[in-house]
Amino acid sequence: MQTIIIVLDPRKMENPDLDLRYHIPDRIEEVTKKAVQDCGYDYIDTEEGQPPLLGIWMETENAEAHWPKIRQLFQYETFLNNDLSQSAEIYISSEDAAALETCARVFPADIPARERELLSGIRKRPPMYVGEYSLSKLHCFFAGYQTAIRRHEIPQSDIIPEEFTRFVLKKYGLSGSIGYVRAILRQMPDGKEAIETFFELLDEFLEANRFSRIL
């Protein structure tokens, strides 16, 4: 069997209830029809003076195939008032009952190097890419980029992680189905400040997930 580990940081959660160690694996078993099964939990030590993390171990025949189902579950459901798409980390290993330090983190995922290089160029000179300082036009540029990637059958990755929208909505105390562009433009007019704010929020999102900023 292979290993999936879900790591929860109580500092990032609205309600760090210990019953999550039962609710989460039970729901994952239900959604995956027991293709992913509970394999216990453990506490993970962190820095001195900080609360321990909660690790939930799951076992499956194919961790690579099944971990996206857990991510999708976290995106569409809450657990005891916790949005786990903003607070959980998912690790996988092809080994049975693997230790956390031997697993690879698959969620949240960093922005790949190719897209980081593009974002870095845009940050320095937005008008060179979209003609003017406009967050709305930048968003259209991102959509066109993703379409071109698919059309030319280049290995696809999201230039902006899906979880970024939830991060922005939470930052501004908003809810619903609006995207990060509309959320930002509710705070200020479209223009240079909006683009600068977008990149500042993206940096904050990346650093919260232990990734480097867009330089």
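**Close-up views of helix packing and aromatic pairs**

**View 1. Helix α3 passes helix α5 in a right-handed crossing.** The model is predicted: local features need pLDDT of at least 70, side-chain atom pairs pLDDT 80 or more, while totals for chains, interfaces and linings use all residues. Residues are numbered from 1 along each chain as its sequence is written, and side-chain values use heavy atoms, without hydrogens and water. Helices are DSSP runs (H or I, at least four residues), numbered from the N terminus. Right-handed means that the near helix is turned clockwise from the far one by less than a right angle. The axes of α3 (residues 113-124) and α5 come within 13 Å and cross at roughly 150 degrees. That makes α3 roughly antiparallel to α5 (over 145 degrees). Axes are lines fitted to C-alpha atoms over the stretch in contact, with angles from 0 to 180 degrees between N-to-C directions. Contact means heavy atoms within 4.5 Å. Among the contact residues are Leu-118 of α3 and Phe-142 of α5.

**View 2. Helix α5 packs against helix α8 at about 55 degrees.** Helix α5 spans residues 135-151 and α8 residues 192-208; their axes are 8 Å apart. Leu-135, Leu-138 and Phe-142 in α5 meet Ala-194, Ile-195, Phe-198 and Phe-199 in α8.

**View 3. Tyr-41 and Tyr-43 form an edge-to-face aromatic pair.** Rings of Phe, Tyr and Trp (its six-membered ring) pair with centres within 6.5 Å; edge-to-face means planes over 60 degrees apart. Here the values are 6.0 Å and 80 degrees. The structure holds twelve aromatic pairs.

Methods. Helix = DSSP H or I, 4+ residues; strand = E, 2+ residues; numbered from the N terminus. Parallel < 35°, antiparallel > 145°, perpendicular 65-115°, else oblique. Phe/Tyr/Trp six-rings, centres within 6.5 Å; stacked < 30°, edge-to-face > 60°.
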